Amino acid sequence: MKVIPIAAVCGRTVQAAACASDAVAASSGAVAANAGSAAWHLIGALDACFGENDCLGVTIDAVKVGLFRVDGEIHALDDICTHGNALLSEGFLDGHEIECPLHAGLVDVRTGKGTTAPIVRDTRRHDVRVDDGNLYVRLSR
Ligand code: FES
């Protein structure tokens, strides 16, 4: 019997640029061009970071960011659940919803909206771009 997983169990947390290849890291460093929170931060080579329907936790300028790859799109949210002290990137990804590992609240990774109790506050989103196979995140203010 073939078992088909319906949810991905996530849980890796790395520093920004930790999954970058040596060549990428050497050429651009961990932070792209502009200084400050408006900068694009290199996370690494997209396919080295994570696979499809997977999550990754990164820390950028002391901000924990959860990255979620679903249906070919990458979404970035604050990683700390708005309900308590848990990392969404260590939860269970089922389609576009991440289930918090602590109290099972659900968040839509596309919008940051909490979709079930006990989550009542939305999660901040961050900008994401993929350039030449490399994944970048720009923190929201
Ligand atoms: S800490 Fe996330 S739902 Fe409670």
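Leu67 touches Cys55, Leu56, Val58, Ile74 and Ala76, not counting residues up to four places away in sequence. Touching, or contact, requires C-beta atoms, placed from the backbone, within 7 Å of each other. This is a predicted model: local features need pLDDT of at least 70, side-chain atom pairs count only at pLDDT 80 or more, and totals for chains, interfaces and linings use all residues. Residues are numbered from 1 along each chain as its sequence is written.

**The core**

Leu67 is among the residues with the most contacts inside the largest nonpolar core, together with Ile43, Cys55, Phe68, Leu88 and Ile98. That core has 27 residues. β3 (40-45), β4, β5, β6 and β11 each supply at least two residues of it. A nonpolar core here is a set of buried Ala, Val, Leu, Ile, Met, Phe, Trp, Tyr and Cys residues joined through C-beta atoms within 7 Å. Buried means that 20 or more other C-beta atoms lie within 10 Å of the residue's own; exposed means 12 or fewer, and partly exposed is in between, with C-beta atoms placed from the backbone.

Ala76 sits in strand β6 (residues 73-78). Why does Ala76 count as buried? Because 26 other C-beta atoms lie within 10 Å of Ala76. Leaving aside neighbours within four places in sequence, Ala76 is in contact with Val65, Leu67, Arg125, His126, Val128 and Val137. Ala76 and Gly112 are 36 residues apart along the chain, and their C-alpha atoms are separated by 8.8 Å.

Arg125 is found in strand β10. Arg125 has 16 C-beta neighbours inside 10 Å, so it counts as partly exposed. Beyond residues up to four places away in sequence, Arg125 touches Ala76, Leu77, Gly112 and Ser140. The C-alpha atoms of Arg125 and Lys113 are separated by 9.6 Å, with the two residues 12 apart along the chain.

**Fold and strand pairing**

The protein chain has 2 helices and 11 strands. Along the sequence the pattern reads β-β-α-β-α-β-β-β-β-β-β-β-β. Helices (H or I, at least four residues) and strands (E, at least two) are DSSP runs, numbered from the N terminus. Strands pair if DSSP finds at least two bridges between them.

| Strands | Bridges | Residues standing opposite |
|---|---|---|
| β4 and β5 | 7 bridges | Asp54 and Arg69 |
| β3 and β11 | 5 bridges | Ala45 and Asn134 |
| β10 and β11 | 5 bridges | Val128 and Val137 |

β11 pairs with β3 and also with β10. β11 is mostly covered: 4 of its 5 residues are buried.

β4 and β5 form a hairpin with 2 residues between them. Asp61 in that turn has a positive phi of about 50°. Ala62 lies in the loop between β4 (54-60) and β5 (63-70). Ala62 also has a positive phi, about 70°, although it is not a glycine. Is Ala62 buried or exposed? With 5 C-beta neighbours inside 10 Å, Ala62 counts as exposed.

The hairpin of β10 and β11 also has 2 residues between the strands. Asp132 lies in the loop between β10 and β11 (134-138). Phi of Asp132 is near 55°, a positive value in a residue other than glycine. Asp132 counts as exposed because it has 7 C-beta neighbours inside 10 Å.

Where is the cis peptide bond? It joins Ala117 and Pro118, with omega about 10°. Pro118 lies in the loop between β9 (106-108) and β10 (125-131).

**Whole chain and confidence**

Of the 141 residues of the protein chain, 35% count as buried. Among contacts between residues at least 6 apart in sequence, 49% join residues at least 24 apart.

The mean pLDDT (the predictor's confidence in each residue, from 0 to 100) of the protein chain is 82, and 74% of its residues reach 70 or more. Over residues 1-7 the pLDDT is below 50, and this stretch has 4 contacts in the model beyond near neighbours in sequence. Residues 21-37 also have pLDDT below 50; beyond near neighbours in sequence, that stretch has 27 contacts in the model.

Methods. Two residues are in contact if their C-beta atoms, placed from the backbone, lie within 7 Å.
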